[in-house]
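Have a look at the picture, then work through the points in order.

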Amino acid sequence: MGAFDVGQELDEAQVQGIVDSGYQVRIGDYMSQGWALFTRNPGNFIGFLILSGLISMAASIVPFSGLLLTPLTAGYYIFIFKMIKDERPEFGDFFQGFNFFLPIVISSILITIFVAVGLVLLILPGIYLAVSYLFVIPFIVDKDMHFWQAMNVSRKLISKNWFSFLGFVLLLGLLNFVGALLLLVGLLVTIPWTMCAMAAAYADI
């Protein structure tokens, strides 16, 4: 799968260096690497997806429960990053996103507001921000960044190749749409595969 820098320290100057020197968005590689990651541990991925879905449904009676449960999404990255570093992940790692509860929830709230305002105003700014903030959670859980720093770094990094990332996001959306058409059962595969592909993209860049 190549060399990854997951887990190593990273500051904004280094990110600017990546932006200045440029990088390639290898969508095909990310999809294949994502599939390889998923198939290394399909039982845990599917089990967590089902469990987190049940938790989300049970919590749906609580206002704003979706935002409060965002750390569950972060758990995917923590689990996957351990695999990328050739460590042995445990099922409990899926819930380690709650160790970053405040920065994840605050960034999620801000992103929701910014994207909504962008969509209401001219639509395109909202789409731009929705794609640009793709790596916020990975930066928080992997580099222990402050929520605003993670948002700024993600936007700066992805803006370098924004249209390539838009294509990547659209492909992942199409993949999950196909999964939903398969009586929703396909989502048990496509959602974890999507998360693994995004983690592979983050780790590569």
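1. Let's start with a quick check: is Phe94 buried or exposed? Phe94 is buried, since its relative accessible area is 0%, and anything under 20% gets that label. Bear in mind as you read on that this is a predicted model.

2. Phe91 and Phe94 make an aromatic pair. A pair of rings like this is described by two things, the distance of the centres and the angle of the planes. Here the centres are 5.5 Å apart and the planes make an angle of 70°, so the pair counts as edge-to-face because that angle is over 60 degrees.

3. The structure has 24 aromatic pairs. Ring pairs also join up into a cluster that takes in Trp35, Phe38, Phe45, Phe48, Tyr76, Phe79, Phe91, Phe94, Phe95 and Trp193.

4. Next, find helix α11, which covers residues 187-204. It has 18 residues and spans 25 Å from its first C-alpha to its last, close to the 26 Å expected at 1.5 Å a residue. Of its 18 residues, 14 are buried, so α11 is largely enclosed by the rest of the structure.

5. Begin with helix α1 (residues 12-21) and α9, whose axes come within 10 Å and cross at roughly 10°. That angle is under 35 degrees, so α1 and α9 are roughly parallel to each other. On the α1 side, the contact is made by Glu12, Val15, Gln16, Ile18 and Val19, while α9 brings Gln149, Asn152, Val153, Lys156 and Leu157. Sorted by class, this contact has 5 nonpolar, 3 polar and 2 charged residues.

6. Stay with one residue of that contact. Val15 is part of helix α1, and with 1% relative accessibility it counts as buried. Which residue can you find across from it? Val15 and Val153 are 138 residues apart along the chain, yet their C-alpha atoms are separated by 7.0 Å.

7. The second contact is between helix α7 (residues 124-132) and helix α10 (residues 162-181), which pack at an angle of about 80° with their axes 10 Å apart. That makes α7 roughly perpendicular to α10. From α7, Ile127, Tyr128, Val131 and Ser132 meet Trp162, Phe165 and Leu166 of α10. By class, this contact has 6 nonpolar residues, 1 polar one and no charged ones.

8. Asp86 has a positive phi of about 60°, even though it is not a glycine. You will find Asp86 in the loop between α5 (70-84) and α6 (101-121), and it counts as exposed at 67% relative accessibility. Asp144 also has a positive phi without being a glycine, with a value of about 55°. Asp144 lies in the loop between α8 (136-143) and α9 (147-159), and its 59% relative accessibility makes it exposed.

Note on methods. Residues numbered from 1 in each chain as written. Predicted model: local features only at pLDDT ≥ 70, side-chain atom pairs only at ≥ 80, totals over all residues. Heavy atoms only, no water. Helix = DSSP H or I, 4+ residues; strand = E, 2+ residues; numbered from the N terminus. Expected span 1.5 Å × (residues − 1). Buried < 20%, exposed > 50% of the residue type's maximum accessible area, 1.4 Å probe, protein only. Phe/Tyr/Trp six-rings, centres within 6.5 Å; stacked < 30°, edge-to-face > 60°. Axes fitted to C-alpha atoms, helices over the stretch in contact; angles between N-to-C directions. Parallel < 35°, antiparallel > 145°, perpendicular 65-115°, else oblique. Contact = heavy atoms within 4.5 Å. Nonpolar A, V, L, I, M, F, W, Y, C, P; charged D, E, K, R; others polar.
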